[in-house]
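User: Please take a close look at one helix of this model and the parts around it. I would like the setting of the whole chain before the detail.

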Amino acid sequence: MTGLTQSNYGGNVAIRDVAVFIDAENLFKGYGKLEIPDISMSEILNQVEAAASQEAGSGSIAMSRAYADWERIGLEDYRRDVERAGVETMQVFSVGKAEKNAADMVLVVDCLRQAANLSQLQVFIIVSGDGDFVPLVRRLHELNKYVIGATLADHPVNGVLEQEVDQYVLLKVARVPPAAALNAVFSADPTAKTPPVKSAPAK
């Protein structure tokens with residue numbers, strides 16, 4: 001790869017040549033019934049950055065953006081998590097029937113703009129399983145970019161998109177054990193066994 005950006009911090013050279021574009025609407029399966037991902041945005045970035053480093057020999061993330069109508073009710077906590085991870089939230093306003101694809105179109109235009117203007121960006125990561133991004137992937141390949149697709153492991157992935165990218169990453173979610181599996185220190189269950197209470201010695 002050529003034209004990599006290098007920053008020197010205390011003698012350590014950091015190569016930042018990765019750009020991440022997140023179709024947030026795809027992550028929570030649209031606005032009809034919000035399904036907020038059970039994984040932090042920082043963990044998503046960690047997984048895709050590790051995959052890019054291992055397969056493409058890339059450096060670290062130079063920029064990351066997430067696209068959605070962030071003013072929707074129910075997205076407040078998720079937006080805070082995204083921004084805490086250092087991801088720029090890109091507000092997308094939909095118009096009429098174009099609502100479903102509004103974020104996709106803004107993401108594509110922005111991604112191609114960055115690919116054309118910032119030659120140091122060599123690896124483009126598209127976090128989505130949507131087949132609408134196939135033309136974008138093909139154009140990025142024409143620009144000699146390495147393209148990675150990613151989405152949550154339990155989300156559907158368009159087969160053509162999966163084949164077109166150089167690498168597809170299924171994001172792993174660390175499952176939290178159910179509350180019933182945790183040993184309670186105190187129990188209100190009357191049938192629960194309790195240690196015998198020693199009686200005080202007679203005086």
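Analyst: The chain exposes about 12,000 Å², of which carbon and sulfur atoms supply 52%; accessible areas come from the Shrake-Rupley method with a 1.4 Å probe, and for residues only the protein chains shown count as cover. This is a predicted model, in which local features need pLDDT of at least 70 and side-chain atom pairs count only at pLDDT 80 or more, while totals for chains, interfaces and linings use all residues. Residues are numbered from 1 along each chain as its sequence is written, and side-chain values use heavy atoms, with hydrogens and water left out.

Of the 203 residues, 39% count as buried, where buried means under 20% relative accessible area, exposed means over 50%, and partly exposed lies in between (1.4 Å probe, protein chains only). The chain holds 6 helices and 7 strands, these being DSSP runs numbered from the N terminus (helices: H or I, at least four residues; strands: E, at least two). Along the sequence they follow the pattern β-β-α-α-β-α-β-α-β-α-β-α-β.

The helix to look at is α3, residues 76-84, in which Tyr78, Asp81 and Val82 are buried. These residues are on the same side of α3 because they cover an arc of only 100° around the axis, the arc being that of the directions from the helix axis to the C-beta atoms. The buried residues of α3 pack against α1 (24-27), α2 (41-56), β3 (60-68) and β4 (88-91), with contact meaning heavy atoms within 4.5 Å. On the face of α3 turned away from its buried side are the exposed residues Asp77 and Arg84. Just after α3, Gly86 takes a positive phi of about 85°.

Leaving aside residues up to four places away in sequence, Ile22 touches Leu27, Met41, Arg65, Ala66, Tyr67, Val87, Leu107 and Val127. Ile22 is also 10.0 Å from Gly149, C-alpha to C-alpha, although the two are 127 residues apart in sequence.

A further buried position is Asp130, in the loop between β5 (123-127) and α5 (134-142), which counts as buried because its relative accessible area is 16%. With residues up to four places away in sequence left out, Asp130 touches Asp23, Asn26, Asp104, Asn158 and Leu161. A polar atom of the Asp130 side chain lies 2.9 Å from the backbone nitrogen of Asp132.

Definitions and conventions: A polar contact is a pair of N or O atoms within 3.5 Å; within protein, one must be able to donate a hydrogen and the other to accept it, and residues adjacent in sequence count only if both atoms are side-chain atoms.
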